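Here is a short report on confidence and charged side-chain pairs. Please look at the structure first.

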Amino acid sequence: MSALPVAANRELAAYVRRVVRTYPAEFGLVTGLQALGTVAGLFVPWLLGDLVADVTNGHDTVPRTVLLILGFLAAQAVLVRFARYAAAVLGEKILATLREEFMTDVLALPPEIVEDADTGDLITRTSRDIDVMSDTVRSAIPTILTSVTVIAFTLGALVLVSPLLVLPCLISVPGLFGVTRWYLHRAHAGYLREAASYSQLTEGLAETVEGARTVEALRLAARRMYRVNEDIAASYVTERYTLRLRNILLPVYDTSYALPPAAMLIIGGTFYLHGLASLAAVTAATLYAAQLSTPVDQMLMWLNELQSSGAALARLLGIARFREPASAPVEAPSADHGTAIQPQCRDIAVRDVRYAYRPGHDVLRGIDLTIRQGEWLAVVGPSGAGKSTLAKLLAGIYEPQTGSISIGGQQITGLTAAQRHGAVALVTQEHHVFRGTLRDNLAVARPGAGDDEMVAVLAAVDAWDWAERLGLDSAIGSGGQALDPAKVQQLALARLLLVNPDTLILDEATSLLSPGAARHLERALAAVVRGRTVIAIVHRLHTARDADRIAVLEDGRITELGTHDELLDQDGGYAALWRAWRG
C-alpha cells in the first residue's frame, strides 16, 4: 500500500487565488457590507469620547448622543447580519465546488493508484477531511473577513483620533508575531501527521471489519485489538503534539489581549496630562483598543483551525495531481466505443512484459502474447502464477515495468481514461451494489440506457428471471433487497455488457455461481459478445475447453499456448491439469 500525495504550500496558495478569482463579486459584496457595518460601529466609541468631553465641559448632549449611538448600532446590526448571510452563501458555494472537484478527482483516479492506495487514507480524505473543511469554510471565511475588516478600520479610526494613540495598541504585536511565527513553523506538519494517523487508524478498523469472519475463524481478535491500540496510541502522540503547540500559543494570545487597553489608559493618560491628546481622544482610543481584542481573538483562534483545515485541504488537493489535462476530458460511457482505438485491427500485443510488486521478485517474467481481435482466450494456471496480475496489466490498471502492451498499435498506458474505458473492461470477483434501485445500479454503467437494453443484458447473463420478479424499480443494496453473491456477480456482468467495451477481461467473474449455472452463463455470454475480444482467467477447465485458445501461466511465464485439443496432444502441464480436473 502507498500513501496518496499531499499538496504543497504553493498549490494551496494557487487554490486560494483561484477561489478568489472565481467569486470576485461575492467576495466584494461580503467585504463591502462588512466594511460598512464596521464603519457604523466605529462611530460609537467616537461619540462616547465626545460625550465624556462634553459632560466634562458642562454641555448636556446626552439625549442627542444616545440617539445617534442607537442609530449607528442598529445600522451596524443590519449590515453585519447581511454580511454574514452573504459570507455563508459564499462559503457554501466554495464548499460545494470543492466537494464536486474532489469527488470528480477521486472517481477519475488512475486504477493503479486506487489499487495501491491505503483504504484508510481514501476513507479519511472523503470523510474527516471534508468535514474539517466544511466547518472551516462555513465559519472561517465570514469570521476572518469580519475580523480583518474590523481591525483595519479600527486602526484607521485610531489614526484619525490621534496618531500617537496608535502606539499603545501595538504593544502586543512583537509577542504575537513571535509566538505566531513559532507556531506556524510547526503546526502544518503536525496537523498533517495527525491526519495521517487518523488514516492509519481507519485503515486498521476497515481491515478488521471487512475481514471480521476471517478474524473470528482464525482467532485473531487479540492481534487486531493490539493493532487498533497501537494505532490509537500513535494518533494520541500526534494529537498531544498539536495540543502542546496550542497550550503554548493560546495563553500568550490571552495575555496579549489585555495589554492594549491597559497601555492605552496609562500612556493615553500621560499624553492627556502633558497636553498631547484630548480627553475625548483618549476615551475613544481606549474603547477602540478594547474593541480590537474581539476581532484579533477571533482571527488568531481561527488561525489555529486554519492549520488543521489547511492540512485537510492539502490532502484533498493532493488527489488533483492525477487530474487529466482539460484538453482530454473523461467522457461518460456510451453505447459505441468504436472510436476509442482508430485502427481497424484491434489486436492486443504483449511484448516482453515483466512486473514485480517488490523489487527483485518478478511476478511476471518476459510475457510475449498476441491476442487477436474477436478471440476468446482462456488463461489457466496454478494459484500464484500471476494470472490476476496479467489481467490488471491488460486492463491498464498496472503499468509494466519492462516491455509493452498495445491495443490496435497504441500503448494502453498512453490512452486517456475515456479511451481506455472504451477499449477494455475488467470484471473481477469483487463487486459492489450501490444503494438505490436495480435500474440505478445498471444505469451507472451507461446513464442513457433504456429499459429494453437493461432487460436484454440481464437476460444475457441469466439474471432476468429473478430481476423480473424483483422489478427494475425495486430498491437493492443497503436498505433494500439483499442480493446473494451469485446475483451480485450477474449484476456486475450485466453492467459490463452495457458498457460494451472492445475487450472484456473476466477474472474469475463466474466463480460465485454453481458449476452448471456458470457454464450456462458463459455460453450465453459467448453469444452476446461474439466479435469482441474476451480474456478469461479461469479455474474451471470446462470454461477453458470452450475458448479459442488457452494460455497456461506457470511461475510468471506462459509455458503453453494453443487450443484445448492441441494442448492435450502435447501432454504437458495443461493435460495434467485436465486429467486432475476430470478426476
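## Ground rules

A salt bridge here is a side-chain nitrogen of Lys or Arg within 4 Å of a carboxyl oxygen of Asp or Glu. By this rule the protein has 15 salt bridges.

The model is predicted: local features need pLDDT of at least 70, side-chain atom pairs count only at pLDDT 80 or more, and totals for chains, interfaces and linings use all residues. Residues are numbered from 1 along each chain as its sequence is written, and side-chain values use heavy atoms, with hydrogens and water left out.

## Confidence

Confidence is given as pLDDT (the predictor's confidence in each residue, from 0 to 100). Its mean over the protein is 81. A value of 70 or more is reached by 89% of the residues.

Helices (H or I, at least four residues) and strands (E, at least two) are DSSP runs, numbered from the N terminus. Among these elements, strand 12 (residues 557–562) has the highest mean pLDDT, 92. Helix 16 (residues 515–528) has the lowest, 64. Over residues 326–343 the pLDDT is below 50. Beyond near neighbours in sequence, that stretch still has 28 contacts in the model (heavy atoms within 4.5 Å).

## Arg224 and Glu207

Arg224 and Glu207 form a salt bridge, with N to O at 3.2 Å. The pair links distant parts of the chain, 17 residues apart. Arg224 sits in helix 8 (residues 221–273) and Glu207 in helix 6 (residues 173–210).

Arg224 is buried at 18%. Glu207 is partly exposed at 36%. Both residues belong to a network of salt bridges that links Glu207, Arg224, Arg227 and Asp231.

## Asp362 and Arg354

Asp362 pairs with Arg354 in another salt bridge. The closest N and O atoms are 3.5 Å apart. Asp362 is partly exposed, with a relative accessibility of 27%. Arg354 is also partly exposed, at 30%.

## Arg549 and Glu375

Which side chain does Arg549 meet in a salt bridge? The partner is Glu375, with N to O at 2.3 Å.

Arg549 is buried, at 13% relative accessibility. Glu375 is buried too, at 4%.

Methods: Buried < 20%, exposed > 50% of the residue type's maximum accessible area, 1.4 Å probe, protein only.
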